[in-house]
Amino acid sequence: MQYYQDGFRGGKPDLKNAADTRREYAPNAMLPEKVDVLIAGTGPAGLCLAAQLSQFPEFSTMIVEPSPMNIQKGKADGINTRTMEMFQAFGFADAVKREAYWVNQTNFWTPDPENPKNIKRIGRVQDVSDDSSEMPHIIVNQSRIHQWFLEVMANSPTRMQPDYNWSVETLTVDPTTDDHPVTVTLVNTGVNKGQKKLVRANYVVGCDGARSNVRTAIGGELHGDAAHQAWGVMDILANTDFPDVRQKCLISSATEGNVLILPREGGYLFRMYVELDKLKEDERVANRNFTQEDTIAAANRIMHPYTIDVKEVVWWSVYEIGHRMTDRFDDVPDEERATRNPRVFTAGDACHTHSPKAGQGMNVSMQDTFNLGWKLAHVLRGYSDPSLLHTYSKERWTEAKRLVETDHQWARIMSAPPGTSELDKGEEPRFVRAFKENLEFTGGLAVKYDESILTGNQDNQALATGEEVGRRFHSAPVVRLADAKQMQLGHAAEADTRWRIYAFAGSADTSESSAIHTLADWLEKDANSPVVQYTKAGQDIDSVIDFRAVFQQTFDQLNYENMPSLLIPKKGRLGIQDHEKVFCVDHKGLGDIYDMRGINREQGCMIVVRPDQYIAQVLPLNATAELTKFFGNIFVK
């Protein structure tokens, strides 16, 4: 990490300088009358958004939550590799990796063909494919994810905190004004229960769950179906003779149903998803009065001949699988999109719900608001026209639909016992095949945004075949030139709403003369370049677009003193040089980024990456006109 840019100061480097305009969170302090962004709900989606927006004291953000404090246990626990890449940008991926359980293998158990009353292990699958990501698939308590985001907020210039014991009751949007047009009625859920407060906002984001009042207020409805199948879930401390209890397991019995085992952090705790009874068409889980003892008994029947001796039930719940989503993720009907910009948004369970067994709910919810956060910041900071906000619903609705459809299929495959013919013929059961086929999906890596103002075409895709336009930027090993540090190139990016241009030098390029030099000089000095056009007076040269370069030579073959000035920019209050923008290929055998990501060695290229880490463009190094046109559709002067 980088710090001391504005002068030396002791103490914790994560703690940013407090803004003079920060809000005071004293006990019994009055809520603000007006805010720029009001977020409803301190789940993963709400906190991910709040953590991003807390970095910008030039506009105001508040987040409300009906509960009196952060959750302590239960709820979601799986974090896929894509989300871990996002956590790296927030700065707490290493803390997560240290504390969490790493899912390395997934084991499959089915009825023993020789004795179908018993289960038998039939195989193992590596859970994260080689080079699909530098990050692991991990499992950790959702409350810890909340706490890491809360720390980012507390360390931010705004020192943001949630306003607990407040819930959004309803809201209205006044389309005749641009001055805080959303009036929100908050209701107190704590010691002053029932007390109401009106807050006016420029934007409201509903991250308030499947029973979202924000969604209801804008006329949104969840549409879909239910599987009419009851499942129990519990986090337990237990002893067992089941040999794979510390590995992720998908277990299918002949007649008793299915179990999913997920080891948890700490070495002792584990979670079980246990199939219970089929429900009637008009029956709800609550009508059946299932107990935790029912779930334990069902698990022991399914896992025969193995047994589980439960010592403590830490948390448990019973649920019914449902797959639902809304028609749109903002307050603008399709017929009004040409004349009206959105003011209210929904994210996470407020606009899409699905089964928990694929481990995607919390992940997709955070990716929703990671997509929305930088767009709100662009608009509120005056970088982009408010029409940019239409892209949130369009992009994330498409991905939520993919999620719901895939999870719909997976949930039904998981609930179906292996067929008799599969056991007789020794074939791989369908749920094993489906798991292997969906590894990219379960890793969160299947997202691909369609061509739009934010995502270009694939005309130059051949210049970087392994960095597909519309997909997330796939990191690879490099060496930082200034200090010969081995690192992942993608880890140079932070969750700071900046765009990135990674320029890969061609084979003839050197530190003395190259297409990189020509591009860097144009970006820094030409009046038509997006860096010059959209960097405001008084800002650092890389405050909007962060330019970095990768050379094919090893670090000892390049002359750092000959690099263009844009790659050693002077920044901050003191005008201190930034020495962390030039990279070269790894020289210790961890991998050559050009080979790993299909970068054209002869020509090189530039890869334009959005603030949410998705690839917007792949262009030749001399495509300055195309670059100007692309950013001209996003930024306003």
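Buried here means under 20% relative accessible area, exposed means over 50%, and partly exposed is anything in between, using a 1.4 Å probe and protein chains only.

A word on the ground rules. This is a predicted model, with local features needing pLDDT of at least 70 and side-chain atom pairs counted only at pLDDT 80 or more, while totals for chains, interfaces and linings use all residues. Residues are numbered from 1 along each chain as its sequence is written, and side-chain values use heavy atoms, leaving out hydrogens and water.

**Cores and rings**

Let's start with the nonpolar cores, meaning sets of buried Ala, Val, Leu, Ile, Met, Phe, Trp, Tyr and Cys residues joined through side-chain atoms within 4.5 Å. The largest one has 64 residues, and W499, F504, I607 and F631 have the most contacts inside it. Apart from it lies another core, of 53 residues, with A89, F329, M362 and A495 among them. As background, nonpolar side chains tend to be buried together in soluble globular proteins.

Setting aside residues up to four places away in sequence, F504 touches L489, I516, V550, I593, Y594, I599, G604, C605, I607 and L621, where contact means heavy atoms within 4.5 Å.

Now the rings. Phe, Tyr and Trp rings (the six-membered ring for Trp) pair if their centres lie within 6.5 Å; planes under 30 degrees apart are stacked, over 60 edge-to-face, and the rest tilted. Searching the whole structure turns up 28 aromatic pairs. Two of them are set out here.

| Pair | Geometry | Centre to centre | Between planes |
|---|---|---|---|
| W374 and W499 | edge-to-face | 5.5 Å | 85 degrees |
| F631 and F635 | tilted | 5.8 Å | 45 degrees |

Helices (H or I, at least four residues) and strands (E, at least two) are DSSP runs, numbered from the N terminus. W374 counts as buried at 1% relative accessibility, W499 is buried at 0%, and F635 is buried too, at 4%. Ring pairs tie W374, Y383, W499, Y534, F630, F631 and F635 into a cluster.

Helix α12 covers residues 515-525, and its buried residues are I516, H517, L519, A520, W522 and L523. They pack against β21 (499-504), α13 (530-534), β22 (545-551), β26 (605-609) and α15 (624-632). At the start of α12, a side-chain oxygen of S514 comes to within 3.2 Å of the backbone nitrogen of I516. That is a polar contact: a pair of N or O atoms within 3.5 Å, where within protein one must be able to donate a hydrogen and the other to accept it, and residues adjacent in sequence count only if both atoms are side-chain atoms.

Back in helix α7 sits N371, which is buried at 1% relative accessibility. Leaving aside neighbours within four places in sequence, N371 is in contact with Y392, E395, R396, Y449, R610 and D612.

**Strands**

Two strands pair if DSSP finds at least two bridges between them. Strand β1 (residues 34-40) is mostly covered, with six of its seven residues buried. β1 pairs in the parallel sense with strand β11 (residues 196-206) over six bridges, and I39 has V205 as its bridge partner in β11. β1 also runs parallel to strand β2 (residues 61-65), joined by four bridges, with T61 as the bridge partner of V37. From β1 the chain crosses through helix α1 (residues 44-53) to β2 in a right-handed β-α-β crossover, that is, with the strands pointing away from the viewer, the path from the first strand over the helix to the second runs clockwise.

Elsewhere, β5 (residues 105-112) and β6 (residues 115-126) run antiparallel, joined by eight bridges, and a hairpin connects β5 to β6 through two residues. Q105 has Q126 as its bridge partner in β6. What is the C-alpha separation between K248 and Q105? It is 6.6 Å, although K248 and Q105 are 143 residues apart along the chain. K248 is in strand β13 (residues 248-252) and is buried, with a relative accessible area of 10%.
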